[in-house]
Every structure is written in structure tokens, then in C-alpha cells.
Amino acid sequence: MPASVAELGAEPVTHLVNTHWHFDHADGNEWLHSAGAKIIAQENTRKHLSEIQRVEDWDYNFLPLRSGGIPSEVFAGEHRLKLNGLSIGLKYYGPAHTDSDISATFTEANIVHVGDTYWNGIYPFIDYSTGGSIDGMIAASDANLAATTNDTIIIPGHGRPVSNKAELKEFRDMLVAIRENVAKLKKQGRSRDETVAAKPTAAFDAKWGQFVIDPGYVTRLVYEGV
Ligand SMILES: [Zn+2]
């Protein structure tokens with residue numbers, strides 16, 4: 001058991017929730033399962049982890065996980081858990097960052113983990129190869145805003161690890177503005193490269209463009225979906 005997990009307490013990890021199928025969120029499945037955890041996910045996560053997955057944008061084929069790493073409990077829309085006397089609600093977004101994204105709401109604590117539907121302070125990746133799209137990302141952001149209050153602690157999939165509704169709103173507004181800019185250029189007949197060259201994200205790059213998904217990359221991802 002890694003030190004970071006051991007620090008949480010001596011009790012065994014009994015449940016593991018996958019917010020979606022991507023390797024940087026599900027690669028711990030096999031060892032946590034071997035340590036006794038039951039793995040819970042949306043049904044598309046199980047499907048993707050059971051088959052070879054090609055992600056075109058990464059030019060990479062992900063191999064299926066061994067059987068111990070495959071979620072054993074899956075659901076389509078919603079799932080509720082009661083653990084240590086506390087309620088945890090899992091909810092499917094519909095297609096967003098992939099077609100397998102769920103949120104995990106810790107009701108009493110007023111904490112929501114929103115997986116990769118939210119990248120705090122950085123441009124997001126969108127996985128079109130498994131059902132993601134810019135419009136799905138915006139719809140998920142709207143759902144996240146509707147499901148939270150100013151007091152809710154919001155945990156993003158990437159970026160600064162603790163966030164809030166005001167920062168989430170800024171992320172959503174950034175996505176909407178870039179979508180509009182890119183759609184306008186595409187409608188004028190500009191190619192993908194011409195659209196990147198026109199810098200439709202310029203107003204946002206200083207704040208959001210400092211990570212793996214740079215301004216050109218996020219422009220290409222949005223272009224694909226408008
Ligand atoms: Zn992801």
C-alpha cells in the first residue's frame with residue numbers, strides 16, 4: 001500500500017470508484033483490487049477497460065486490464081453507496097470528456113469529485129475516440145454548476161486539486177467562449193491549421209495554456225467538435 005493511502009488510516013480500502021476509463025484514473029485498479037477493494041464504475045468504463053482502446057489524439061492503443069482490474073459493479077445512470085454511515089452518490093454525465101464520466105458526491109461533507117469534466121486552471125483534454133466532445137464538456141460543466149453551491153468543495157480531475165464553484169464557472173465560461181470563436185472560424189471555411197493560426201484562444205492562454213494541453217492542442221480538440 002503506498003504511503004499516501006496508508007496515511008489516510010490503517011483500515012483497508014474496500015471500495016474504489018473509477019470516474020472514467022482513462023489509464024491515469026484506472027491504472028491502480030489491479031493492485032487496489034488485489035488489496036481487497038471492490039471497483040465501481042459506469043458501464044462504459046468496464047467496456048473500455050475490457051477491450052483494446054485506441055485514442056487517436058495520442059496515437060496509442062491501450063491494452064485491456066487483467067480481470068482483477070475490471071470494475072465488478074457497474075451502473076448506467078445513478079448509483080448510491082452508504083459507507084461508514086455517509087452517503088455517496090455516483091452520477092453519469094452522458095458523453096462529456098469520454099462516454100464514461102461520472103461524478104462522486106459526498107453528500108454530508110458537501111464535496112463533489114467531478115473527474116475529468118473539470119481541469120482546474122488548465123485547458124482540458126477531450127477524448128473523441130471514446131465519445132467525448134466540446135459540447136459534452138460544456139453540458140457537464142453546466143451540470144456541475146447546477147449540482148453545487150458556493151460552499152461546495154469541488155475536486156477536479158487535473159490542475160489545482162481543490163476548487164470551488166467560482167473557479168468552475170470560469171472554466172465553463174472559457175470553454176463556451178473558445179467554442180464560439182472556433183465555430184466562427186470553421187464556419188468561415190478555415191481549415192484546422194488556419195484556425196489554430198488565427199489563435200482563437202488568445203485571450204485565455206496566459207491563464208489556461210500552461211500545461212500539457214497547449215493553445216494549439218485545445219483549438220484542434222474544439223475544432224473537431226463544432
Ligand atoms: Zn481523462
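Thr45 is in contact (heavy atoms within 4.5 Å) with Asn18, His20, Trp21, Pro71 and Ser100, leaving aside its neighbours within four places in sequence. The model is predicted: local features need pLDDT of at least 70 and side-chain atom pairs count only at pLDDT 80 or more, while totals for chains, interfaces and linings use all residues. Residues are numbered from 1 along each chain as its sequence is written, and side-chain values use heavy atoms, with hydrogens and water left out.

**Thr45 and its helix**

- Thr45 is found in helix α4; helices (H or I, at least four residues) and strands (E, at least two) are DSSP runs, numbered from the N terminus.
- Thr45 counts as buried because its relative accessibility is 0%; buried means under 20% relative accessible area, exposed over 50%, and partly exposed in between (1.4 Å probe, protein chains only).

**Three-stranded sheet**

- Three strands make an open sheet in the order β1-β2-β5, and their pairing is parallel; two strands pair if DSSP finds at least two bridges between them.
- At the edges stand β1 and β5 (73–75), each with a single partner strand, so one side of each has no neighbour in the sheet.
- From one strand to the next, the twist averages 20°; axes are lines fitted to C-alpha atoms, for helices over the stretch in contact, and angles run from 0 to 180 degrees between N-to-C directions.
- Strand β2 (residues 38–42) and β5 run parallel and are joined by three bridges; the bridge partner of Gln42 in β5 is Phe75.
- Helix α4 (residues 43–50) packs on this sheet, where it touches β2 and β5, and its direction makes about 110° with that of β2.

**Zinc site**

- The zinc ion has four protein donors, His20 (NE2), His22 (ND1), His97 (NE2) and Asp116 (OD), which lie 2.2 Å from it.
- Donors are N, O and S atoms within 2.8 Å of the metal (3.2 Å for Na, K and Ca); water is not among the atoms, so sites may look incomplete.
- The angles among the four donor atoms are 86 to 171°, and the site is irregular.
- Four donors count as tetrahedral if all angles lie between 85 and 135 degrees; four count as square planar and six as octahedral if opposite donors are over 155 degrees apart and all others between 65 and 115; anything else is irregular.
- The spacing of the donor residues in sequence is H-x1-H-x74-H-x18-D.
- His22 lies in the loop between β1 (15–17) and α2 (23–26), and His97 in the loop between β7 (86–92) and β8 (102–106), so this pair ties together parts that are 75 residues apart in sequence.
- His22 and His97 are both buried.

**Nonpolar cores**

- The largest nonpolar core holds 37 residues, of which Tyr123, Phe125, Ile134, Phe171, Met174, Leu175 and Ile213 touch the most other members; such a core is a set of buried Ala, Val, Leu, Ile, Met, Phe, Trp, Tyr and Cys residues joined through side-chain atoms within 4.5 Å.
- Two or more residues of this core come from each of α5 (134–146), α6 (165–187) and α9 (215–224), and α6 gives the largest share, six residues.
- Another core, of seven residues, lies apart from it and has among its members Ile40, Phe75, Leu81 and Ile88.

**Five-stranded sheet**

- A second open sheet has five strands in the order β6-β7-β8-β9-β11, with mixed pairing.
- Its edges are β6 and β11 (153–155), each with a single partner strand, so one side of each is left without a neighbour in the sheet.
- The twist here averages 15° from one strand to the next.
- Strand β6 (residues 78–83) runs antiparallel to β7, joined by six bridges, and Lys82 has Ser87 in β7 as its bridge partner.
- β7 and β8 run antiparallel and are joined by five bridges, with Tyr92 partnered by Ile102 in β8.
- Three bridges pair β8 with β9 in the antiparallel sense, and Thr105 stands opposite Val112 in β9.

**Positive phi values**

- Most residues other than glycine have a negative phi.
- Asp59, in the loop between β3 (53–55) and β4 (60–62), has a positive phi near 50° and counts as exposed at 57% relative accessibility.
- Asn110, in the loop between β8 and β9 (111–113), has a positive phi of about 55° and counts as partly exposed at 29% relative accessibility.
- Asn84 takes a positive phi near 50° in the hairpin of β6 and β7, which has two residues between the strands.
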